[in-house]
Amino acid sequence: MKAIQFNSYGSAEKLDLVDIPAPTPQPGEILIRVAATGVNPIDWKIRSGQMEGIIPVDFPAGTGADAAGTVIALGEGVIDAVVGEPVFGVGRSTYAEEAVLTSWAPVPEGVSVEESAGWGAAVETAVRVLDQLGLSAGQTVLVSGASGSVGTAVVQIAVGRGISVVGTASAQNQDYLASLGAIPVVYGDGLVARVAAAAPSGIDGALHLSGAGVLPDLIEIVGDPSRVLSIADFAALELGAQVSTAPSDHRKAWAEAAALPAFRLPVERRFTLAEAGAAQEHSAAGHAAGKTIILP
């Protein structure tokens with residue numbers, strides 16, 4: 001089968017399209033024929049070497065964790081999947097024609113297989129960071145980088161919990177954020193004043209999903225660094241803010257999203273497997289409104 005691998009850390013040019021044997025699911029895993037793969041920031045952070053020492057890599061290494069497709073084989077002990085069933089989830093080396101999933105769920109009704117390929121990490125992360133921040137109905141959260149895939153999920157899940165959302169994004173994505181239920185503001189210089197105008201009653205907590213150098217502004221806006229949480233900058237700890245990195249219960253998170261009346265994680269752009277490097281570069285550039293996916 002065809003898959004993407006890299007043999008050393010570096011730029012997106014390190015990604016190679018290769019022919020390798022199909023993987024075999026271990027006990028408790030399933031094998032799918034991949035219909036679409038979700039691209040996440042962690043993919044290019046690992047490939048570039050930013051996560052060296054945190055996430056070990058043995059070369060040659062595959063890449064990718066999100067995928068959706070059709071079940072073609074079951075590992076020993078699997079009783080909650082059926083060969084031929086369309087599923088989505090998380091696994092390993094999912095930039096490939098076939099991939100192993102370690103956690104999965106049926107594609108939700110009304111959601112395309114392509115769109116579900118982006119649910120895996122984004123939805124789990126969204127639920128996890130909201131849970132960790134500990135806000136409740138009636139409170140207001142500021143989301144920095146709200147138009148990306150995690151931000152798109154955070155906004156909808158927060159609104160579903162009765163939490164008001166102020167979301168930052170580029171000027172071109174303001175209408176998109178409003179369509180999700182957020183109060184949109186443009187990021188950049190003057191953010192503190194714009195947020196104050198958008199939320200005169202104050203902000204109860206902030207999520208830093210993307211954006212360099214914005215943490216001091218978020219802390220100033222909230223007034224307490226412990227109520228600011230980042231998934232994009234480990235230096236948040238040095239400022240007294242929280243970080244969140246360890247995945248929690250994927251299936252519980254996916255179920256919460258699927259239960260919302262109109263949850264969506266739209267596909268913003270599609271790439272082929274041979275264009276995996278361009279897909280990661282597009283993800284790294286930011287400014288997306290939704291999810292980047294790869295079609296094998």
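Helices (H or I, at least four residues) and strands (E, at least two) are DSSP runs, numbered from the N terminus.

## About the model

This is a predicted model, so local features need pLDDT of at least 70 and side-chain atom pairs count only at pLDDT 80 or more, while totals for chains, interfaces and linings use all residues. Residues are numbered from 1 along each chain as its sequence is written, and side-chain values use heavy atoms, leaving out hydrogens and water.

## Helix H4 and what follows

Let's start with H4, which covers residues 149-160. From first C-alpha to last, its twelve residues reach 17 Å, close to the expected 16 Å (1.5 Å times one less than the number of residues). Ten of the twelve are buried, meaning under 20% relative accessible area with a 1.4 Å probe and protein chains only (over 50% is exposed, in between is partly exposed). Among the buried ones are Ser 149, Val 150, Gln 156 and Ile 157.

Just after H4 comes Gly 162, with a positive phi of about 85°.

## The six-stranded sheet

Next up is an open sheet with parallel pairing, its six strands in the order E10-E9-E8-E11-E12-E13. Its edge strands, E10 (183-186) and E13 (242-243), each pair on one side only. To count as a pair, two strands need at least two DSSP bridges between them. E11 (residues 205-208) and E12 (residues 228-230) run parallel and have three bridges; Leu 207 has Leu 229 in E12 as its bridge partner.

## Where H3 meets H8

Helix H3 (residues 119-133) and helix H8 (residues 250-259) have axes that come within 8 Å and cross at roughly 90°. Axes here are lines fitted to C-alpha atoms, for helices over the stretch in contact, with angles from 0 to 180 degrees between N-to-C directions. H3 and H8 are therefore roughly perpendicular (65 to 115 degrees; under 35 is roughly parallel, over 145 roughly antiparallel, the rest oblique).

On the H3 side, the contact (heavy atoms within 4.5 Å) includes Trp 119 and Val 123, and on the H8 side His 250 and Trp 254 are among the residues involved. The contact residues divide into seven nonpolar, two polar and two charged. Nonpolar covers Ala, Val, Leu, Ile, Met, Phe, Trp, Tyr, Cys and Pro; charged covers Asp, Glu, Lys and Arg; the others, Gly among them, are polar.

## A look at Gln 280

Gln 280 sits in helix H9 (residues 276-285) and is buried, with a relative accessible area of 0%. Leaving aside residues up to four places away in sequence, Gln 280 touches Val 39 along with Leu 15, Asp 43, Trp 44, Arg 47, Thr 63 and Tyr 95.
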